[in-house]
Amino acid sequence: MQFEAVEDNEGLRLSWNVWPSSRIDAARMVVPVGALYTPLKQRPAHYQPVPYEPVVCRPPCKGVLNPYCQIDPRAKLWVCPFCLTRNSFPPHYADISPQNLPPELVGTNTTIEYILSRPAATPPIFLFVVDTCLDDADLQALKNTLLGALAVIPPHALVGLVTFGTMVQVHELASTECNKAYVFRGAKEYAAKQIQDMLGIGSSTGPTSPVGQRAPGLPGTPGGPAGGNRAMRFLLPLAQCDLTLTSIIENLQRDPWAVGAGKRPTRCTGVATAVAVSLLETAFPNTGARIMLFLGGPCTEGPGLVVSTELKDPIRSHHDIEKDHAKYHKRAFKFYEALAQRAAANTHTVDIFAGCYDQVGLHEMRHLPGLTSGVIVLSDSFNTHIFKQSFLKMFARDPATNELGMGFNATLEVVTSKELKVAGLIGDAVSLNKKTANVGDTEIGMGGTSAWKFAAITPRTTAAVYFEMANQQAGTPVTPGSRGVVQFVTHYQHASGQMRLRVTTVARHIVDGSAPDIAGGFDQEAAAVLMARIAVYKAELDDAPDVLRWLDRMLIRLCARFAQYRKDDPASFALADNFSIYPQFMFHLRRSQFLTVFNNSPDETAFYRHVFNLEDCNNTLIMIQPPLMSYAFDAEPAPVLLDSVSVKPDVILLLDTFFHILIHHGSTIAEWRAAKYHEQESYANFRALLEAPVADARALLADRFPVPRYVDCNQNSSQARFLLAKLNPSTTYMSGMQYGAQQGQAIFTDDVSLQVFMDHLKRLAVSGNA
């Protein structure tokens with residue numbers, strides 16, 4: 001089976017493409033039956049949405065008509081593959097026949113998207129929450145970027161602005177005579193009701209200011225949200241308030257409160273976030289909205305405080321958190337988690353853009369984007385290419401429709417046939433606590449439900465869904481040709497205002513647990529990502545050594561189960577082709593920043609793990625085992641081993657870690673470049689060699705979100721550490737001394753190499769103790 005082709009068509013990768021018949025057999029397979037599903041995966045142009053409502057099975061099943069349904073054209077009936085109920089076709093399907101099938105019954109349309117008749121109640125909402133405790137250059141760069149974003153946000157979208165420093169200002173965009181703002185004290189913790197009453201949007205407040213003509217479907221029209229009419233002073237269609245909002249942003253000044261010597265600015269991030277969440281949850285509950293939070297430093301005032309204003313007090317490290325020495329950590333974490341749950345309950349997304357050399361408290365705030373499907377962008381300042389390009393990419397348009405490439409207010413429901421049950425989901429979502437008959441006893445990630453909510457969804461958003469087999473008895477005879485069916489039903493608000501339903505249905509054969517077909521259906525890439533997601537999820541809850549020991553045990557058991565070997569003979573150990581790279585993925589995962597926090601700040605760890613849980617299979621594999629390309633005079637550009645032997649004086653290397661794009665020049669190449677040989681006409685081939693990796697890096701930068709950090713370095717320079725940290729240390733300071741010159745770059749580490757790792761794995765797998 002071509003796993004990549006299935007992914008391109010359906011947005012789906014399965015760890016096992018042949019399923020066992022019982023739960024005991026599934027446990028012996030070690031890697032759980034799971035799926036990496038990208039609901040809004042961009043599909044070939046000939047797959048167009050269909051403009052009608054889906055045909056669904058009667059409650060409580062509600063499975064959607066699909067190519068795996070049995071149909072009776074004469075009786076106008078169809079049989080649901082999930083609950084085996086016989087359903088009648090609706091009247092407009094009267095002409096159905098084997099030669100005249102609707103699109104959803106055509107065999108190639110296992111994924112289909114419906115345009116529903118009910119439009120979204122409101123257009124997309126963007127609420128900017130801007131930190132003004134910045135230096136002048138940073139503030140000006142941020143203002144320019146925000147003004148640039150106004151040019152690409154749809155005119156009908158609602159926009160609002162909150163600024164904060166020592167105080168919080170909620171700007172009234174409906175005021176045309178003069179700029180008005182409601183001010184909140186940064187040191188005070190406000191209840192949601194207090195904020196709503198002070199803004200005049202609570203249920204008991206008086207009449208509102210006139211706003212002028214409203215766009216169709218906005219609050220204030222019959223059936224709009226209760227507080228929406230009053231909140232229209234703060235959130236207006238961009239077409240109505242463009243000039244006012246532009247004027248306010250252009251005139252933003254640095255926070256006027258003085259910063260003493262040896263002090264940090266007084267920054268009330270917690271109150272500002274609470275005000276933004278309270279404003280939206282009152283005015284637009286259960287409506288697609290994004291709170292975009294721009295941070296220039298850590299919160300130092302009021303609720304959500306993560307560090308004091310004294311510069312002599314350093315912000316917490318991983319060691320401080322582990323030893324319970326982080327004074328403000330637990331209280332701040334609980335405060336932001338409560339805000340995240342409120343935002344997620346109303347399907348409001350929180351995005352965090354940090355522009356600061358120091359930490360900003362992202363570790364404590366990680367649930368804000370984590371539970372609401374938001375994005376995180378970490379940069380050194382708002383004047384960097386990373387921030388500017390990443391922020392504008394948020395508003396990129398779909399080339400086919402010219403609409404924003406994002407969806408809102410999404411729910412994902414999983415329907416299964418009686419052979420499977422849903423164990424859980426790992427991703428940036430929250431549980432809807434829908435306890436249907438197909439919910440399993442085992443919980444992996446967010447379990448105990450068959451439906452989850454995504455406040456925002458993009459073509460990159462990928463969820464890891466895990467299953468267990470329903471049959472608990474091993475050895476039960478399997479009917480030849482039997483198969484299990486799983487359906488993923490995604491309901492979301494399209495950027496155009498339409499409500500859409502995308503349905504993906506997949507079926508796989510079910511065989512006896514000892515059948516050789518099971519091993520042949522193993523997708524090692526999807527399995528590595530699914531296991532990595534479980535490991536990262538465990539790393540949030542357990543100690544890192546425990547997670548690494550769990551990963552090692554799972555790998556040893558998998559190899560003992562599926563490798564070919566003679567007992568107690570490591571030399572006889574051999575893995576089939578579709579298992580051979582899996583141990584290599586686990587080796588690099590164990591060394592990665594996702595599980596090993598050494599040399600990373602808590603904020604960086606939160607950022608890396610957040611992005612890891614968001615991306616699809618290919619991008620996640622790049623994070624686990626970065627590809628390395630080699631450029632040399634005597635060969636075409638080619639991938640090489642992620643190994644220290646690949647570092648050579650006369651070779652240029654291009655490393656893509658997803659978060660960094662690094663061009664590494666060997667020492668000889670670096671000397672020639674320093675001598676400017678490439679500027680001479682007679683060395684055109686050298687100039688072409690230098691330009692080739694730059695062109696490839698530019699292509700990678702253009703497609704990636706968030707925009708990666710671009711590093712151009714020479715061998716033995718300080719920034720070469722980004723490359724050396726990722727390489728398999730097959731040549732270290734301990735090797736190559738006895739027999740003369742060593743091959744490749746010596747790496748100063750005590751980490752074991754992949755070869756040593758594999759030797760230990762073989763010995764343990766064949767010992768019979770796994």
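Mentor: Glu540 and Arg366 meet through their side chains in a salt bridge, 3.2 Å from N to O (a side-chain nitrogen of Lys or Arg within 4 Å of a carboxyl oxygen of Asp or Glu). This is a predicted model, where local features need pLDDT of at least 70, side-chain atom pairs count only at pLDDT 80 or more, and totals for chains, interfaces and linings use all residues. Residues are numbered from 1 along each chain as its sequence is written, and side-chain values use heavy atoms, with hydrogens and water left out.

Trainee: Where in the chain do Glu540 and Arg366 sit?
Mentor: Glu540 is in the loop between H14 and H15, and Arg366 is in the loop between helix H10 (362-365) and H11, 174 residues apart. Helices here are DSSP runs of H or I, at least four residues, numbered from the N terminus.

Trainee: Is Arg366 buried or exposed?
Mentor: Arg366 counts as buried because its relative accessibility is 16%, while Glu540, at 35%, counts as partly exposed. The cut-offs are under 20% relative accessible area for buried, over 50% for exposed and partly exposed in between, with a 1.4 Å probe and protein chains only.

Trainee: Switching topic, how many salt bridges does the whole structure have?
Mentor: The search finds 30. One of them joins Glu7 and Arg13, with the closest N and O atoms 3.1 Å apart, and both residues are buried.

Definitions and conventions
Helix = DSSP H or I, 4+ residues; strand = E, 2+ residues; numbered from the N terminus.
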